[in-house]
Amino acid sequence: MTDRWLGALEERLRDPATDRADLCRDTLLELACPTYAGRWAEAVADEALPMGTRLALAALDPRHVTLEPEYYGDCDQPRFQRVKPLLWLWYSFDRLPIGGQAVGLGVRLRRALAPHIFRSVGRNFKCFQHVEFSFGYNLEVGDDVVVHRHVLLDDRGGIRLGHRVSISDYANIYSHTHSIVEQVDVTNAQTVLADDVRVTYHATVLAGVHVGANGMVGAMAVATKDVRPYHVNVGIPAKSVRVKPNAPAGAEDRLRTATDRGTAGS
Ligand SMILES: CC(C)(COP(=O)(O)OP(=O)(O)OC[C@H]1O[C@@H](n2cnc3c(N)ncnc32)[C@H](O)[C@@H]1OP(=O)(O)O)[C@@H](O)C(=O)NCCC(=O)NCCS
């Protein structure tokens, strides 16, 4: 049953003629309110139904909700409107009984949606529940990347995740910042986690930081500056406390290399 359901969804995603807002609405309607499947518009207009029911039904259609990035001055509206229905499907699925903690189906659904939202995504992407993005379209993801629960991937200025990157529960990766004087003065800067990086529980990586290959950001740390390859940085602000024992000779002093600045997964 799961294979058939996902297969049909993937087929509609691949079809350039698909209206993504309709796809999102129909999918959520079937999963959340099957009683109204196939007669959404009539139900929303039906004055005999409780107002709350009609509002809840209306909110299944992304055209009836606004997402936070739509309020950002630097949002590329045409690009965002293209991915918004799929983000709304992603987020809303996570809040349904069939979604959220039902890990198996959720991971497969997110893997199906990701190529249609992100700038790029590699093989075997594994994403757990309640992960949020800013734009979604400014995210590059390598192969075998794992993103755990309740992670925020703020890709306003772009985020690049190399191969085998792991981001643990409740971590935040930012790529925009605000002037300390003028709140509305936003600076975007691409944030890069190179191959084999691990950002661990509740850690935060600030905009523009490059975590070098095999680097690690410890639990609760705030990485305000670049993390050198193979270094383990902890604390606020995060500082190197050790170099991984598998580091090649010279890793102790090596600043980020050209490799860390290459394309996703390089
Ligand atoms: C970063 C981490 C891996 C470091 O582990 P470690 O290499 O075994 O380091 P140690 O425990 O020997 O700690 C070295 C020093 O850093 C301190 N330290 C370790 N982790 C710290 C953290 N998250 N924040 C602040 N200080 C930390 C230790 O207290 C120790 O300080 P000391 O030398 O003054 O006693 C670990 O602390 C951590 O944050 N783990 C998160 C859990 C994890 O691995 N998650 C991944 C799941 S996908």
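**Questions on a predicted model**

User: How many helices and strands are there in the protein?
Analyst: This is a predicted model. Its secondary structure is made up of both kinds of element, numbered from the N terminus. The protein has six helices and 19 strands.

User: Why is the protein described as compact as a globular protein of its length?
Analyst: For 266 residues the globule rule gives 18 Å. The C-alpha trace spans about 70 × 45 × 30 Å along its principal axes. The protein counts as compact as a globular protein of that length because the rule's value is close to its radius of gyration, 20 Å.

User: How far apart do the C-alpha centres of domain 1 and domain 2 lie?
Analyst: Domain 1 covers 1-67 + 74-117, and domain 2 covers 119-242. The distance between their C-alpha centres is 27 Å.

User: Which elements give two or more residues to the side of domain 1 that touches domain 2?
Analyst: On this side, 18 residues of domain 1 are in contact with 15 residues of domain 2. The residues on the domain 1 side divide into 10 nonpolar, three polar and five charged. The elements that give two or more of them are helix 5 (77-93) and helix 6 (103-113).

User: Which strands stand at the edges of the five-stranded open sheet?
Analyst: The strands follow the order 1-4-7-12-15, with parallel pairing.

User: What is the bridge partner of Ser 120 in strand 4?
Analyst: Strand 1 and strand 4 (residues 139-141) run parallel and are joined by two bridges. For Ser 120, the partner in strand 4 is Glu 140.

User: Which elements give two or more residues to the shell around the ligand?
Analyst: There are 15 residues around the ligand, and Thr 200, Gly 218, Ala 219, Val 234 and Val 241 come nearest. The elements that give two or more residues are strand 18 (231-234) and strand 19 (239-243).

User: How many residues of the shell around the ligand are nonpolar?
Analyst: The shell is divided by class, with five polar and two charged residues. Among the residues nearest the ligand are Ala 219 and Val 234, and Ala and Val both count as nonpolar. The number of nonpolar residues in the shell is eight.

Technical notes
Residues numbered from 1 in each chain as written. Predicted model: local features only at pLDDT ≥ 70, side-chain atom pairs only at ≥ 80, totals over all residues. Near = placed C-beta within 6 Å. Helix = DSSP H or I, 4+ residues; strand = E, 2+ residues; numbered from the N terminus. Pairing = 2+ DSSP bridges. Domains from an automatic or database assignment. Contact = placed C-beta atoms within 7 Å. Rg over C-alpha atoms; globule rule 2.2 N^0.38 Å.
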